[in-house]
Amino acid sequence: EYGYTYDDMILLPRYIDFSSKDINLKTKLTKKISLNIPIVSSPMDTVTESKMAIGIALEGGIGIIHSNKSIDEQLKEVQTVKRYNNGFILNPVVVSKDSTIEEIENIQDEYGFSGFPVTENGKIGSKLVGFVSARDFDFIQNKSEIVENIMTTELITAKEGCSLKEAYHILTENKVSRLPIINENGELISLISRKDLRINKDYPLASKNNETNQLLVGAAISTHNSDKEKADILVSQGNADIIVVDSSQGNSLFQIEMVKYLKEKYPQLEVIGGNVVTKEQADNLIQAGVDGLRVGMGIGSICTTQNMCGVGRSQASAIYNVAKYARNFNVPIIADGGVSNSGHIVKALSLGASCVMLGSLLAGTDLSLIHI
């Protein structure tokens with residue numbers, strides 16, 4: 001067989017009777033998850049952390065947080081994305097009335113938030129006693145001053161059970177930035193943010209979890225057995241929507257066992273496997289239970305598989321053949337690697353890819369700058 005790269009092919013033009021505004025780019029990322037634009041940021045340590053994942057998700061795509069960090073660090077990145085844009089914030093950052101200004105400033109630096117609900121014991125589910133924000137202590141020099149002495153206690157709240165629409169109405173009518181949701185005992189249940197209302201208006205295509213209204217985000221793990229624990233934490237504590245089993249050669253015993261483990265323990269979790277370039281490789285992962293496939297081997301900007309191992313396949317041929325086979329099982333594929341311009345994206349989608357994974361095209365942008 002001949003193998004074709006993106007640059008070996010070009011699409012023939014046809015008649016146009018529509019405008020660019022009529023084009024719908026909504027596509028499948030996995031069996032259950034759809035995106036409004038077919039763009040996925042690569043789990044490379046120079047590309048995707050929380051800033052990139054948030055930026056991509058707001059535009060309608062999704063970011064995959066790389067695994068080249070400790071589990072605590074990766075979990076924090078996932079949680080940062082999840083806290084960014086919500087409906088009801090079920091796990092808001094809460095402080096106690098005994099917290100000091102110094103502690104509040106440290107929390108602000110860590111999470112980037114300007115204000116926090118105050119409860120009796122500093123936890124969700126405890127009685128709401130006030131709210132503290134930067135304007136309450138901007139000019140106070142004594143950093144050991146406790147929150148109880150400076151917090152705002154006259155609060156606008158909503159009762160547990162109100163709808164999201166009702167909560168947003170209360171928030172806008174009273175011109176407040178945040179709306180605590182309390183139960184009949186006055187205990188904090190959740191929080192609504194005015195920022196989220198504004199984001200919903202500014203980013204109508206944002207990729208969100210339909211149940212939580214939080215931005216979609218994925219996390220990568222390796223095929224090492226020890227990463228089963230990492231996956232457990234990312235799913236249970238981080239609420240990651242997707243786990244990507246990240247390997248240059250996806251058709252291996254190690255990846256198949258990892259996919260089976262994830263699907264057996266978390267039947268509702270969407271799992272993406274790969275990388276593969278042939279239908280035989282794809283079949284093994286499909287039978288193991290993957291919900292999506294990454295296609296591409298040795299053609300990424302920093303990938304050395306073809307040079308070092310002499311293994312791989314021309315990307316256009318890989319996409320076409322794997323997509324044609326995977327379609328029989330309703331498994332979408334992601335074209336991963338070799339995309340150096342927008343024309344390559346169009347070709348990948350035309351050849352059968354549902355999404356395109358971008359690495360080098362995003363590296364070096366403001367959102368990809370990683371703090372070391």
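This report covers salt bridges and ring contacts in a predicted model.

## Basis

Local features require pLDDT of at least 70 and side-chain atom pairs pLDDT 80 or more, whereas totals for chains, interfaces and linings use all residues. Residues are numbered from 1 along each chain as its sequence is written, and side-chain values use heavy atoms, without hydrogens and water.

## Salt bridges

The structure holds eight salt bridges (a side-chain nitrogen of Lys or Arg within 4 Å of a carboxyl oxygen of Asp or Glu). One of them joins Asp241 to Lys82, with the closest N and O atoms 2.6 Å apart. Asp241 lies in the loop between helix H7 (227-236) and strand E12 (242-245), and Lys82 in helix H2 (residues 71-84), so the pair ties together parts 159 residues apart in sequence. Helices (H or I, at least four residues) and strands (E, at least two) are DSSP runs, numbered from the N terminus. Both Asp241 and Lys82 are buried (under 20% relative accessible area; exposed is over 50%, partly exposed in between, with a 1.4 Å probe and protein chains only).

Arg294 and Asp246 meet at 2.8 Å, N to O. Arg294 is buried at 5% relative accessibility, while Asp246 is partly exposed at 27%. Salt bridges with shared partners join Asp246, Arg294 and Asp336 into one network.

## Ring contacts

Lys228 lies over the face of Tyr261, 4.9 Å from the ring centre; the criterion is NZ of Lys or CZ of Arg within 6 Å of the ring centre and within 35 degrees of the ring normal.
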